[in-house]
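Thanks for making time this morning. I would like to walk you through one chain, going from the overall layout to a few particular residues, so please have the sequence and the model open as I speak.

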Amino acid sequence: MAQAQGLGKRYIKAFFKGFFVAVPVTVTFLDRVACVARVEGASMQPSLNPGGRQASDVVLLNHWSIRNYDVQRGDIVSLVWSLGLQEGITII
């Protein structure tokens, strides 16, 4: 019985060690290298969501190319609109 408790503690300890390593690595990867996004709606047709279908497309957003200014003609660029920014913008 005591041996089973020791084994359980080892597994829990190993899980938390892996968790505390995997989470920062994953967050850094998604922030600096690439992330996956879903594209919905007709705004990107015919390149994405061809034929007006209701299903969404899944794309890989490459953050690395943007950081190195490696954007070329024909590339699709994704921008993020923050509602907090709207307060600081004055439209004349």
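Before I give the first figure I need one definition, which is that a residue is called buried when its relative accessible area is under 20%, exposed when that area is over 50%, and partly exposed in between. With that in hand, and bearing in mind that what you see is a predicted model, 8% of the 92 residues of the chain count as buried. The accessible surface of the chain comes to about 8,500 Å², and carbon and sulfur atoms account for 63% of that surface.

As for the layout, the chain has 3 helices and 2 strands, and, read from the N terminus, these elements follow the order α-β-β-α-α. If we take the contacts between residues at least 6 apart in sequence, 47% of them join residues that are at least 24 apart.

Let me start with helix α1, which covers residues 2–32 and contains Phe15. Phe15 counts as exposed because its relative accessibility is 52%, and it belongs to a nonpolar surface patch of about 700 Å², made together with Ile12, Phe16, Phe19, Phe20, Val23 and Val27.

Which residue forms a salt bridge with Asp31? The partner is Arg32, and the closest N and O atoms of the pair are 3.7 Å apart; by the rule used here, the count comes to 1 salt bridge. Arg32 is partly exposed, with a relative accessible area of 41%, and Asp31, at 40%, is likewise partly exposed.

Moving on to the strands, Ala37 sits in strand β1, and since its relative accessible area is 22%, Ala37 is partly exposed. Leaving aside residues up to four places away in sequence, Ala37 touches Asp57, Val58, Val59 and Leu61.

Finally, the largest pocket, which holds about 550 Å³ of space. The pocket is lined by 21 residues, of which Leu61, Asn62, Ile76, Val77 and Ser78 are the closest to its centre. At least two lining residues come from each of β1 (34–39), β2 (57–62) and α2 (63–67). I will stop there and take comments.

Terms used:
Residues numbered from 1 in each chain as written. Predicted model: local features only at pLDDT ≥ 70, side-chain atom pairs only at ≥ 80, totals over all residues. Heavy atoms only, no water. Patch = residues over 30% accessible without salt bridge, like charges linked within 9 Å, V, L, I, M, F, W, Y side chains within 5 Å. Areas by Shrake-Rupley, 256 points an atom, 1.4 Å probe, with all protein chains shown as cover. Salt bridge = Lys/Arg side-chain N within 4 Å of Asp/Glu carboxyl O. Helix = DSSP H or I, 4+ residues; strand = E, 2+ residues; numbered from the N terminus. Buried < 20%, exposed > 50% of the residue type's maximum accessible area, 1.4 Å probe, protein only. Contact = heavy atoms within 4.5 Å. 1 Å grid on protein atoms, 1.4 Å probe; cavity = no way out; pocket = protein on both sides within 12 Å on 5 of 7 lines; lining within 4 Å. Points joined across faces, edges and corners; volume = space filled by probe spheres on them.
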